[in-house]
Amino acid sequence: MSDDRATRGPGADERPPQTMLSDGKGMFSGSGDTSGFGGLVRRGTMPGPSSRPFGEWFDEVVDVLTELLTDPGEAIESAVVDQGELTLVISRDHIVEVCRHLRDDQDLRFELSLGVSGVHYPSDTGRELHAVYHLTSITHRRRLRLEVAVPDGDPHIPSTTSVYPTNNWHERETYDFFGIVFDGHPGLARIAMPDDWIGHPQRKDYPLGGIPVEYKGATVPPPDERRRYQ
């Protein structure tokens, strides 16, 4: 690694910390509570960007990645260290480039993706939907998290299946449950819910009860008319 890598980075210490999103009441944060936890009150907070030094191997990874990126200031929105883990918040336009460098560079070598999951923050205006990527470096025995936030009105993120083919199924699941559209996915379709299901069940604005049962009276089409998976 070159000597100047330690002096370069995304400047996360210049970004304002994120504030409390909301108070959550009950197990499902204010929506109809069917859990029995109606008296439980939780403060919904998100950790803000961390300042250097991040500690452990975190600074090295950020510096290496910063040197490799064509526009690091645009690609890496912030770095967050919380609970002993490093999360890099990435601009959606750069997620594929970031993943490719993390996989291929000899000083990084995050060869394994453990999948893509979704989170819905209704009060995080303009960034309501988050896709979270869990990466592992078998070579260096490290774990890293990437996070991409997009608005509810434009829930598009480029697919990372060209870098991590295993994300094929996980991106479909995140699309199915949260409504995040992964552009360029080879066969983006629902993976758990029926094709004609309305809504995305793991979003926090999805009703907890009273959902019409759409399976009643359903029929199974002949094999030549069924959806073909890619």
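## Surface and model confidence

The chain exposes about 12700 Å², and carbon and sulfur atoms supply 50% of this area; accessible areas follow the Shrake-Rupley method with a 1.4 Å probe, and for residues only the protein chains shown count as cover. The structure is a predicted model, in which local features need pLDDT of at least 70 and side-chain atom pairs count only at pLDDT 80 or more, while totals for chains, interfaces and linings use all residues. Residues are numbered from 1 along each chain as its sequence is written, and side-chain values use heavy atoms, with hydrogens and water left out.

The mean pLDDT of the chain is 82, and 72% of its residues reach 70 or more; pLDDT is the predictor's confidence in each residue, from 0 to 100. Over residues 1-21 the pLDDT is below 50, although this stretch has 48 contacts in the model beyond near neighbours in sequence. A contact denotes heavy atoms within 4.5 Å.

## Overall architecture

The secondary structure comprises four helices and nine strands, arranged along the sequence as β-β-α-α-β-β-α-β-β-β-β-α-β. These elements are DSSP runs numbered from the N terminus: helices are H or I with at least four residues, and strands are E with at least two.

Of the 230 residues in the chain, 40% are buried, where buried means under 20% relative accessible area, exposed over 50%, and partly exposed in between (1.4 Å probe, protein chains only). Among contacts with a separation of 6 or more, 56% are between residues 24 or more positions apart.

## Helix H1

Helix H1 is mostly covered, with eight of its 11 residues buried. The buried residues are Phe58, Asp59, Val61, Val62, Asp63, Val64, Leu65 and Thr66. Their cover includes helix H2 (72-75), strand S3 (76-82), strand S4 (85-90), H3 and strand S7 (142-150).

## Aromatic cluster

A search of the whole structure finds two aromatic pairs. Trp57 and Phe58 form an edge-to-face pair, at 4.6 Å centre to centre and 80° between the planes. The rings of Trp57 and Phe110 have their centres 6.5 Å apart and their planes at 45°, so this pair is tilted. The criterion is that rings of Phe, Tyr and Trp (its six-membered ring) pair if their centres lie within 6.5 Å, with planes under 30 degrees apart counted as stacked, over 60 as edge-to-face and the rest as tilted.

Trp57 lies in the loop between strand S2 (41-44) and helix H1 (58-68), and Phe110 in the loop between helix H3 (95-104) and strand S5 (112-120), so the pair ties together parts that are 53 residues apart in sequence. Trp57, Phe58 and Phe110 form one aromatic cluster. Trp57 is buried at 16% relative accessibility, Phe58 is also buried, and Phe110 is buried with a relative accessible area of 0%.

## Strand S5

Leu112 lies in strand S5 and is partly exposed, with a relative accessible area of 34%. Together with Leu114 and Ile138, Leu112 makes a nonpolar surface patch of about 270 Å². Patches are made of residues with over 30% relative accessible area and no salt bridge, with like charges joined within 9 Å and nonpolar side chains (Val, Leu, Ile, Met, Phe, Trp, Tyr) within 5 Å; a salt bridge is a side-chain nitrogen of Lys or Arg within 4 Å of a carboxyl oxygen of Asp or Glu.

Val119 also lies in strand S5 and is partly exposed, with a relative accessible area of 24%. Not counting residues up to four places away in sequence, Val119 touches Glu128, Leu129, His130, Val132 and Phe178. Val119 and Glu147 are 28 residues apart in sequence and 9.9 Å apart in space, C-alpha to C-alpha.
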